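Reader: Hi! I have a model open and would like to talk it through with you. Could you take my questions as they come?

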Amino acid sequence: MQIAKTLDCKGQCCPEPILNIKAAMGEVKSGDIVEMCATDPGSVNDMASWAKRTGNTIVEQKQEGNVFTFYVKKK
Amino acid sequence: MSEERPKRISIIAVHGTLDMAYPPLILASTAVAMDMEACIFFTFYGLEIIKKGANLQVPPLANPAMPKPIPGLPIGVPNIIGVLPGMTAMATGMMKGWMAKANVMPIDKMLDTCLKTGVRMIGCQMTMDVMGVKKEDLIDGIEIGGAGTYLDYAADADINLSF
């Protein structure tokens with residue numbers, strides 16, 4: 001998977017990860033993948049809702065320890 | 001009705017305390033990040049949130065939900081203590097400490113985010129007249145309007161909230 005942009009939202013709490021992933025989407029092209037990692041446990045549900053609403057796709061996500069990583073494909 | 005219209009949220013902010021300033025700003029900025037349109041109508045004490053150099057406080061009175069000042073201690077601050085001079089500053093200091101520890105964005109940064117991302121921010125004209133607040137007392141980027149302005153927006157909103 002080719003990553004167009006990496007976004008570190010570790011340590012941030014609601015709503016910052018969502019605000020930042022939205023901002024990051026503005027910096028990449030359609031079809032690009034943004035890798036975002038966060039430590040806010042709420043970001044798991046929030047990211048799913050965000051993706052549903054905005055039409056972007058979480059192509060993969062994983063958890064390592066307390067770090068959640070999302071791979072978001074821009075619509 | 002067009003299906004393509006973005007979802008829309010309207011929020012009324014009525015309170016001018018630190019704790020009550022957060023929900024409208026968080027929801028409005030998140031709504032925009034979720035491709036919705038958002039508007040906050042700041043009225044009555046809510047106008048305080050958008051004043052230049054606002055220093056919002058947390059009221060220590062009549063708030064049993066306030067976390068205990070000393071973790072593990074079974075009692076919070078009794079209301080009778082809350083009336084003493086300096087208790088508002090103390091409650092505010094405690095809240096700001098918790099917020100900073102949890103890495104929550106400060107209010108001025110939240111306001112900045114809302115304005116930059118296109119949240120429509122309306123200051124209530126009538127409240128301004130009543131409280132003697134001038135447009136230049138408010139932060140830049142605030143629109144001035146009344147109940148009609150808000151209702152015109154809210155009539156086409158999918159979500160309407162008041163805090």
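Author: Happy to. One term before we start: a salt bridge here is a side-chain nitrogen of Lys or Arg within 4 Å of a carboxyl oxygen of Asp or Glu. Please keep in mind that this is a predicted model. By that rule, the side chains of Arg5(B) and Asp158(B) form a salt bridge, at 3.6 Å from N to O.

Reader: Where do Arg5(B) and Asp158(B) lie in chain B?

Author: Arg5(B) is in the segment before β1 of chain B, while Asp158(B) is in the loop between α6 and β5 of chain B, so the pair ties together parts that are 153 residues apart in sequence.

Reader: Which helix holds both Lys116(B) and Asp112(B)?

Author: That is helix α4 of chain B, residues 107–116, where the two are four residues apart, about one turn of the helix. Lys116(B) is exposed at 67% relative accessibility, and Asp112(B) is partly exposed at 36%.

Reader: Changing topic: how many residues are in contact between chain A and chain B?

Author: On the chain A side there are 13, and they are in contact with 16 residues of chain B. The area buried between the two chains is about 1,100 Å², and carbon and sulfur atoms give 65% of it.

Reader: How many salt bridges does the rule find across that interface?

Author: Two. One of them pairs Lys109(B) with Glu16(A), with the closest N and O atoms 3.7 Å apart. There are also three residue pairs in polar contact between chain A and chain B, counting those with both residues at pLDDT 80 or more.

Reader: Which elements of chain A give two or more residues to the side that touches chain B?

Author: Those are α1 (16–25) and α2 (43–54) of chain A. By class, that side of chain A has six nonpolar, four polar and three charged residues.

Reader: What about Ser29(B), is it buried or exposed?

Author: Ser29(B) is buried, at 1% relative accessibility. It sits in helix α1 of chain B, residues 18–33. Leaving aside neighbours within four places in sequence, its contacts include Pro15(A) and Leu19(A) from chain A, and Met110(B), Thr113(B) and Val119(B) from chain B.

Reader: Last one: which residues of helix α6 in chain B are buried?

Author: In α6 (residues 147–154), Tyr150(B), Tyr153(B) and Ala154(B) are buried. They cover an arc of only 95° around the axis, which puts them on the same side of α6(B). The face turned away from that buried side carries the exposed residues Gly148(B), Leu151(B) and Asp152(B).

Reader: And what covers the buried residues of α6(B)?

Author: The cover includes β1 (8–13), β2 (37–42), β3 (120–124) and β5 (159–162) of chain B.

Conventions: Residues are numbered from 1 along each chain as its sequence is written. Chains are lettered from A and ligands numbered from 1 in the order in which they are written. This is a predicted model: local features need pLDDT of at least 70, side-chain atom pairs count only at pLDDT 80 or more; totals for chains, interfaces and linings use all residues. Side-chain values use heavy atoms; hydrogens and water are left out. Contact means heavy atoms within 4.5 Å. Buried area is the accessible area (1.4 Å probe) that two parts lose on being put together, summed over both. A polar contact is a pair of N or O atoms within 3.5 Å; within protein, one must be able to donate a hydrogen and the other to accept it, and residues adjacent in sequence count only if both atoms are side-chain atoms. Ala, Val, Leu, Ile, Met, Phe, Trp, Tyr, Cys and Pro count as nonpolar, Asp, Glu, Lys and Arg as charged, and the others, Gly among them, as polar. Buried means under 20% relative accessible area, exposed over 50%, partly exposed in between (1.4 Å probe, protein chains only). The arc is that of the directions from the helix axis to the C-beta atoms.
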